[in-house]
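Open the structure in your viewer and keep the selection tool ready. This tour goes from one stop to the next.

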Amino acid sequence: MKSFAALALLAVVLSCRLDTFFRGSGSGAPPVAGPPAALRFTDQPQTTHARKTLPPVRVAVRDDQGNVVAGFGGVVALTIDSDTGGVSLGDTTTVAAANGIATFRHLRIDKAGAGYRLVASAPGTALAPVKSQAFAILPPLTGNITVTTTTAGSNLPSGYTVTVDDSISQPIGINAVVTFVGLAAGSHVVTLAGVTCACVMDGANPDTGSVLGGESAQASFDIPCAAPPPPPPPPPATGSLTVTTATTGSNLPAGYTVTLENGQSGTIGANDSVTATGIAVGDHTVTLGGVPANCTVASPNPQAVTVTVGATAQASFMISCSATGP
């Protein structure tokens with residue numbers, strides 16, 4: 001009877017052990033994590049080219065048994081180990097953990113070098129900072145920019161100057177292609193100079209080219225040109241005319257009128273001299289008018305004069321007047 005009881009008890013114990021064996025660690029509820037005890041890199045930083053975004057880096061908060069503390073939602077921060085000098089990681093270096101894991105997707109280092117390490121910390125907690133494994137940043141990827149000019153029309157210039165980022169310049173013909181090689185990947189500003197006033201730029205200047213590693217970006221400039229308009233005709237050639245009156249006798253008038261054959265006219269005193277400017281070059285007829293009946297013009301009236309460029313022609317009138325009435 002005692003043997004039977006002992007066998008029954010052994011069977012129960014074996015059943016429990018076998019159940020535990022076959023159940024294994026993959027079934028049943030996951031272990032319950034304890035309080036946060038340490039930071040660990042679950043996805044280490046990888047070797048990347050400078051100025052390129054690193055593959056995502058992940059930092060987990062674990063308990064003292066190595067379990068991820070899924071309830072931790074605090075902030076995790078990354079910095080570059082001070083041993084590598086003053087290098088920036090980019091603009092997103094602090095992330096709130098989700099289910100105990102902080103994921104950094106926008107890390108970037110612009111300076112090539114070896115032996116970089118990241119340092120993870122959890123500000124406001126007692127968790128000790130932890131360093132990542134060492135990784136390298138390779139020289140930045142480079143590419144090219146090919147610049148094309150197309151100039152048409154007349155009065156063409158002899159050529160232009162093309163500049164990238166206000167630092168690298170090359171001469172370029174009016175219908176030509178030049179290439180800037182070894183440019184860092186990213187956006188670059190391309191400027192064309194030397195466009196004459198007879199030409200206009202058909203499009204943006206400066207232009208922008210986006211360089212991808214190992215590839216060539218394009219920047220094209222279309223420049224139509226035209227002959228300048230003819231100069232305005234020169235002003236008509238002119239000279240001046242001086243008219244002089246000399247009146248003698250009595251009962252003199254206050255003055256007279258002087259008229260050219262083209263209708264230009266003005267007044268002049270009985271004994272006076274007036275000069276008119278801007279008179280067209282050539283032959284003209286000057287008439288003295290307004291002479292009263294008691295006066296006689298002794299000189300020819302009208303008079304013929306010839307005006308030459310920049311010179312002053314002369315017309316003189318001699319008038320004599322007599323008393324009127326008893």
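Which element gives the largest share of the lining of the largest pocket? It is β21, with 4 residues. Before you select it, note that this is a predicted model: local features need pLDDT of at least 70, side-chain atom pairs count only at pLDDT 80 or more, and totals for chains, interfaces and linings use all residues. Residues are numbered from 1 along each chain as its sequence is written, and side-chain values use heavy atoms, with hydrogens and water left out.

**Stop 1: the largest pocket**

Select Val258, Ser265, Gly266, Val274 and Ala276. Of the 13 lining residues, these lie nearest the pocket's centre. Now colour β18 (238–249), β19 (255–260), β20 (265–269) and β21 (272–280); each gives two or more residues to the lining. Strands are DSSP runs of E, at least two residues long, and helices are runs of H or I of at least four, numbered from the N terminus. The pocket holds about 210 Å³ of space. A pocket here is an open set of points on a 1 Å grid over the protein atoms alone, where a 1.4 Å probe fits, with protein on both sides within 12 Å along at least five of seven lines; lining residues have an atom within 4 Å of a point. The volume is the space filled by probe spheres set on the points, which are joined across faces, edges and corners.

**Stop 2: Ser240**

Stay on β18 and pick Ser240. Is Ser240 buried or exposed? Ser240 counts as buried because its relative accessible area is 14%; buried means under 20%, exposed over 50%, and partly exposed in between (1.4 Å probe, protein chains only). Show its contacts, meaning heavy atoms within 4.5 Å. Beyond four places in sequence, Ser240 touches Thr275, Ala276, Thr277, Val307, Ala311, Thr312 and Ala313.

**Stop 3: the largest nonpolar core**

Select Phe41, Val59, Leu78, Phe104, Leu107, Ile109 and Leu118. Among the 28 residues of this core, they touch the most other members. A nonpolar core is a set of buried Ala, Val, Leu, Ile, Met, Phe, Trp, Tyr and Cys residues joined through side-chain atoms within 4.5 Å. Strands supplying at least two residues include β1 (38–43), β3 (57–62) and β4 (75–80). Elsewhere, a second, separate core of 19 residues includes Val164, Ile174, Leu183 and Cys225.

**Last stop: the whole chain**

Zoom out. The chain has 1 helix and 25 strands. Of its 326 residues, 30% are buried. Among contacts between residues at least 6 apart in sequence, 63% join residues at least 24 apart.
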